[in-house]
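Open the model in your viewer and keep the selection tool at hand. This tour goes stop by stop.

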Amino acid sequence: MAHTARITPMSDAIIQELATKTGKSKIIIIEEALEAFRFKERMRLFNESYEKLKADKKKWTKELNDREELEKTLLDGLNDE
């Protein structure tokens, strides 16, 4: 179902410029921009959570210990096929 959203003339001009330069439709330009924004936001939240983890010395030490233990699982005796 199609929905309508109002955008500023400046935003429309940017979308039109990108559409002209790339040959993509305006909707594709908007969808790609939204997908890029979603990815950027996910990474921001991931990094924020990671920094909080590192700030808690007890939790960070546990994380490092868990990683060290998991590294040992690579030496499980199985040969590469």
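Start with one term: a residue is buried under 20% relative accessible area, exposed over 50%, and partly exposed in between (1.4 Å probe, protein chains only). This is a predicted model, where local features need pLDDT of at least 70, side-chain atom pairs count only at pLDDT 80 or more, and totals for chains, interfaces and linings use all residues. Residues are numbered from 1 along each chain as its sequence is written, and side-chain values use heavy atoms, without hydrogens and water.

**Stop 1: the ring pairs.** Rings of Phe, Tyr and Trp (its six-membered ring) pair if their centres lie within 6.5 Å; planes under 30 degrees apart are stacked, over 60 edge-to-face, the rest tilted. How many aromatic pairs does this rule give? The count is two.

Select F46 and Y50. Their ring centres are 6.2 Å apart and their planes meet at 20°, so this pair is stacked. Both sit in helix α2, four residues apart, or about one helical turn. Helices here are DSSP runs (H or I, at least four residues), numbered from the N terminus. F46 is partly exposed at 49%. Y50 is partly exposed too, at 27%.

Y50 and W60 pair edge-to-face, 5.6 Å between centres and 90° between planes. That pair links helix α2 to helix α3 (residues 57–71), across 10 residues. Is W60 buried or exposed? W60 is buried, because its relative accessible area is 15%. Ring pairs join F46, Y50 and W60 into a cluster.

**Stop 2: a charge.** Select K54. Its charged end sits over the ring of W60, 5.7 Å from the centre. The rule: NZ of Lys or CZ of Arg within 6 Å of the ring centre and within 35 degrees of the ring normal.

Definitions and conventions
Helix = DSSP H or I, 4+ residues; strand = E, 2+ residues; numbered from the N terminus.
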